Amino acid sequence: MSGRPDARAAASQFEFSGEVLDLAPHGGGHINDTYLVTCEALGAPVRYILQHINRHVFRDPVAVMQNVERVTAHLAAQAAGQPDGARRALRLVAARDGRKWHVDAQGETWRAYCFIENARSYETATSSEQAFQAARAFGGFQQQLASLPPPRLHETIPDFHNTPKRFVALEQAIAADVAGRVALAKLEIEFARTRQAITGNLLDAGLPERITHNDTKFNNVLLDDKTGEAVCVIDLDTVMPGLALYDFGDMVRTTTSPAAEDEKVLSLVTMQFPMFEALVRGYLETAGAFLTAAEREFLAFSGKLITFEIGIRFLADYLGGDTYFKVHRDGHNLDRCRTQFRLVESIEQQEEEMNRLVESIAG
Ligand code: ADP
Ligand code: GN1
Ligand code: MG
């Protein structure tokens with residue numbers, strides 16, 4: 001069989017409780033395919049998340065699953081003592097062969113999680129309390145993984161947050177111009193080139209390696225429907241060795257602006273200071289236990305750098321013909337690049353004030 005991976009066939013390979021009643025696409029990720037599976041168990045519905053791992057992006061899906069298995073077990077052990085512990089860590093569902101993933105006849109890799117009920121993710125944050133919650137949860141995630149026993153986790157995507165290498169890839173995409181789009185992105189290319197000098201600043205700062213999430217989009221934390229509290233950090237494919245500031249930076253990118261990542265009205269894109277303040281306070285409440293002075297110094301900068309980095313990734317993918325991120329309209333990756341660059345400008349305008357705030361809180 002060719003075409004789309006067969007999610008129904010994959011679902012039959014997991015130890016779900018009862019018969020599969022329904023299976024539907026879920027979420028809006030740019031890389032993997034996610035399905036919500038509803039089963040009938042003893043008369044009551046039980047839900048699961050089923051995911052197909054994109055092997056063009058994750059070249060070694062088994063390495064991804066080995067990381068996820070170790071990380072979820074470690075987080076679950078620490079959550080066990082907390083109130084509502086069962087909802088505070090993702091739980092993998094075993095496949096019928098006893099492993100925590102399934103490889104189908106086409107060589108595609110699948111995994112399933114228990115669905116965390118009465119909580120949800122949001123594309124944009126609408127209050128500073130939400131920003132605080134997300135940042136505290138991602139900081140807590142780093143803190144809990146600091147005690148993960150060796151060996152070192154696999155690097156599921158090498159050089160994932162190596163901004164200088166991302167910049168080289170952009171220059172290569174410009175030179176190749178395979179989709180004939182360079183002429184349509186002149187301003188964005190210039191914007192990127194005038195900021196090349198900042199790309200190495202985090203890597204060159206001698207910051208400590210930690211275990212980091214690396215994809216701390218606001219929609220990768222589930223907030224409780226009733227209390228609004230962050231319940232669980234999700235989307236663990238890129239958990240690997242990294243810098244703490246990759247995570248803080250991506251929170252700034254995805255939480256401080258009220259606009260969607262692909263907003264076309266650029267005047268709506270802006271770094272809202274109260275959201276940044278909530279991120280700093282929330283992150284330090286947990287990560288404050290281990291962050292060094294040098295890491296604190298770069299908190300505001302990391303927001304600018306990671307926003308810039310994702311911007312150049314969207315731009316390179318646009319120029320390369322949209323082969324990496326899923327797109328849903330013409331020029332989608334260029335629109336995404338433009339919002340990132342607008343946000344970089346907004347951060348540049350407020351960077352000094354952001355640094356002063358960090359110093360007053362963390363200094
Ligand atoms: P992607 O890599 O495509 O972003 P995610 O792992 O973030 O995939 O899942 C996509 C969406 O599915 C999430 O934003 C969240 O709303 C939902 N989701 C994922 N895992 C769970 C879970 N265990 N319980 C409840 N919802 C989940
Ligand atoms: C991708 O899979 P998703 O949508 O959570 C990407 C991230 C980007 C993000 C931009 C493996 O994340 O690095 O920051 O899109 N994931 C990968 O929205 O490349
Ligand atoms: Mg996600």
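Predicted model: local features only at pLDDT ≥ 70, side-chain atom pairs only at ≥ 80, totals over all residues.
Residues are numbered from 1 along each chain as its sequence is written, chains are lettered from A, and ligands are numbered from 1 in the order in which they are written. Local features need pLDDT of at least 70, side-chain atom pairs count only at pLDDT 80 or more, and totals for chains, interfaces and linings use all residues, while side-chain values use heavy atoms, with hydrogens and water left out.

The protein is divided into domain 1 (7-117) and domain 2 (128-362). The contact between them (heavy atoms within 4.5 Å) takes 26 residues from domain 1 and 33 residues from domain 2. The C-alpha centres of the two domains lie 26 Å apart. These bounds come from an automatic or database domain assignment.

Ligand 1 has 16 residues around it, a residue being near if one of its heavy atoms lies within 4 Å. Gln51, Ile116, Ser121, Asn220 and Asp235 come nearest. Several polar contacts were computed, each a pair of N or O atoms within 3.5 Å; within protein, one atom must be able to donate a hydrogen and the other to accept it, and residues adjacent in sequence count only if both atoms are side-chain atoms. A polar backbone atom of Ile116 lies 2.8 Å from a nitrogen atom of ligand 1. Ser121 places a polar side-chain atom 2.8 Å from an oxygen atom of ligand 1. A polar backbone atom of Asn219 is 3.4 Å from an oxygen atom of ligand 1. Taken alone, ligand 1 exposes 550 Å², and the protein buries 91% of that. Accessible areas come from the Shrake-Rupley method with a 1.4 Å probe; for residues, only the protein chains shown count as cover. Strand E3 (44-53) and strand E5 (109-114) are the elements that give two or more residues to the shell around ligand 1. Such elements are DSSP runs numbered from the N terminus, with helices (H or I) of at least four residues and strands (E) of at least two. By class, this shell has eight nonpolar, seven polar and one charged residues. Ala, Val, Leu, Ile, Met, Phe, Trp, Tyr, Cys and Pro count as nonpolar, Asp, Glu, Lys and Arg as charged, and the others, Gly among them, as polar. The shell around ligand 1 draws at least three residues from each of domain 1 and domain 2.

Ligand 2 has 17 residues around it, of which Asp215, Lys217, Glu261, Arg313 and Tyr324 come nearest. A polar side-chain atom of Glu261 is 2.5 Å from an oxygen atom of ligand 2. For Asp235, a polar side-chain atom lies 3.2 Å from an oxygen atom of ligand 2. His30 brings a polar backbone atom to 2.9 Å from an oxygen atom of the ligand 2 molecule. On its own, ligand 2 has 440 Å² of accessible area, and the protein covers 96% of this. Its shell divides into eight nonpolar, three polar and six charged residues. Helix H9 (residues 299-319) gives the most to that shell, with three residues. Ligand 2 lies between domain 1 and domain 2, because both give residues to its shell.

Thr307 is placed in helix H9. Thr307 is buried (under 20% relative accessible area; exposed is over 50%, partly exposed in between, with a 1.4 Å probe and protein chains only), at 0%. A polar atom of its side chain lies 2.6 Å from the backbone oxygen of Gly303. Beyond residues up to four places away in sequence, Thr307 touches Arg253, Gln340, Leu343, Val344 and Ile347.

Met251 is in helix H6 (residues 244-255). Its relative accessibility is 1%, so Met251 counts as buried. Neighbours within four places in sequence aside, Met251 is in contact with Ala135, Phe138, Thr216, Thr256, Leu279 and Tyr283. Met251 and Ile306 are 55 residues apart in sequence, and their C-alpha atoms are 9.2 Å apart in space.

A cis peptide bond joins Pro150 and Pro151, with omega about 5°. Pro151 is in the loop between helix H3 (128-145) and helix H4 (163-176). Asp159 lies in the loop between H3 and H4. Asp159 is not a glycine, yet its phi is positive, near 60°. Asp159 is partly exposed, with a relative accessible area of 35%. Leu42 lies in the loop between strand E2 (33-41) and E3. Leu42 has a positive phi of about 50° although it is not a glycine. At 92% relative accessibility, Leu42 is exposed.
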